[in-house]
Amino acid sequence: MNQYFKDIPQIKFEGRKTDNPYAFRYYDENEMIGDKTMKEWLRFSMAYWHTLCGTGSDPFGAGTMVRPWETANQMENAKRRMEAGFELMDKLGIPFFCFHDRDIAPEGASLAESNKNLDEMADYAKTLMEQTGIRLLWGTANCFSNPRYVHGAATSPNAEVFAYAAAQVKKAMEVTKALGGENYVFWGGREGYETLLNTDMAFELENLARFLHMAVDYAKQIGFTGQFLIEPKPKEPAKHQYDFDTQSVMAFLKKYQLQDYFKVNIEANHATLAGHNFQHELHFARINGILGSIDANKGDSMLGWDTDQFPTDIYDTTLAMYEVIKNGGLYKGGLNFDAKVRRASFEPADLVYGHIAGMDSFARGLKVAHKLYTDGVFEKFIKERYSSYEIGIGKDILTGKVGFAELERHALAQSQISNKSGRQEFLEQILNRYITEVE
Ligand code: XUL
Ligand code: CO
């Protein structure tokens, strides 16, 4: 495949000393890190929407992206885009991709025509997947761009919209299954609200649960065994999004008996919009057994919206991979670059640089995190920090031997409590040392 990125060579691992901008300095897909190769740990994926459909337009100006494969005829354009996408993934050695139904095929004048376009493009994707060995990490339905979704999809007050969204998700699930997708994602694009003056929140949440139960039923019906994922995001496009963060998604799943069927797809920039950091969201998901997959990107601490930048912050990638390692890997999930090159990075080569930067940042993060983990740096400290629960009154609390009355007796008998330092700065210094020194 060498049609649209003719100037770009196959990107290979060349190590830290290389000056070649078209090479990996850290990502060596075959390098063993513990019991898995880098490729197995990281399971990189290209996000079809940003990389192939992004134009660079913003509220102040038109698109800037130079994409030599774009052409006027819609279906022809969809095919050329797809070829460009597979060529790019192939050259970068990216093993997976993710898409929305409307990314790969244009919406038609009717639902039937949209479905027909989607089938045609899914067939073409299958051919290119067979040719390259590239696989589908997840599929999803875009139930937010078309104006019909102005008030939401499953949470729209209009039952006709609920029905249309169901039909769209049904089809997207079928296509995901046909392409061997390992997961299916629900990002609640317009599932939220602007004002309670016109919103029945209780009813909307029930409808969202109804919709997701229907999806679970349909997956069983067609034998789709991929993992269902909800992607939390606190705001944008709606002021209040129902899937605010992992903790609220979990409460929702439990309340509506959906917890056995869904995990979360955590996006770094969504975590920061929710006032958390990336590691917090991953950690919370992991300790609750619902860490499914990752949308790998980063935000900008100066900007309050979803900037979807390529992830290049080694602190973030290290601490994210620390959680992935503690999770035993991502299983069916992967690291999907839900990231777009900046408006001013408009050449096709920038797509290559963006992905190389993201892949190397995560590869580096993986190496550092694995060393931190195997050296037990934080584990040992944390264990010691809670060691008062291993003996005496702490042990009695854990074994249920004592209640308030016994604890009051114990507290009254103590003359002084002594605490130990949390040593945050000391630990941050150790993290710095690992980030800069690990080979
Ligand atoms: C939006 C977002 C989506 C989902 C898939 O912020 O992240 O692209 O990842 O619908
Ligand atoms: Co995302």
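Predicted model: local features only at pLDDT ≥ 70, side-chain atom pairs only at ≥ 80, totals over all residues.
Student: How many strands form the closed barrel?

Tutor: The barrel runs E5-E6-E7-E8-E10-E12-E13-E14, and its pairing is parallel. On average, neighbouring strands of this sheet are turned by 30 degrees against each other, direction ignored. Counting the strands in that order gives eight.

Student: In E14, which residue is the bridge partner of Asp 295?

Tutor: Strand E13 covers residues 291-295, and strand E14 covers residues 335-337. The two strands run parallel and are joined by two bridges. Asp 295 has its bridge partner in E14, and that partner is Asn 336.

Student: What is the distance from an oxygen atom of ligand 1 to an N or O atom in the side chain of Asp 295?

Tutor: The residues surrounding ligand 1 include Trp 49, His 100, Glu 267, Asp 295 and Asp 306. A polar contact requires a pair of N or O atoms within 3.5 Å. For the side chain of Asp 295, the distance to an oxygen atom of ligand 1 is 2.9 Å.

Student: Which pocket is the space taken by ligand 1?

Tutor: Among the residues around ligand 1 are Trp 138, Trp 187, Lys 233 and Asp 338. The space that ligand 1 takes is the largest pocket.

How values were computed:
Residues numbered from 1 in each chain as written. Chains lettered and ligands numbered in written order. Heavy atoms only, no water. Pairing = 2+ DSSP bridges. Helix = DSSP H or I, 4+ residues; strand = E, 2+ residues; numbered from the N terminus. Axes fitted to C-alpha atoms, helices over the stretch in contact; angles between N-to-C directions. Near = heavy atom within 4 Å. Polar contact = N/O pair within 3.5 Å; in protein donor to acceptor, adjacent residues only side chain to side chain. 1 Å grid on protein atoms, 1.4 Å probe; cavity = no way out; pocket = protein on both sides within 12 Å on 5 of 7 lines; lining within 4 Å. Sits in = over half its atoms within 2 Å of the grid points.
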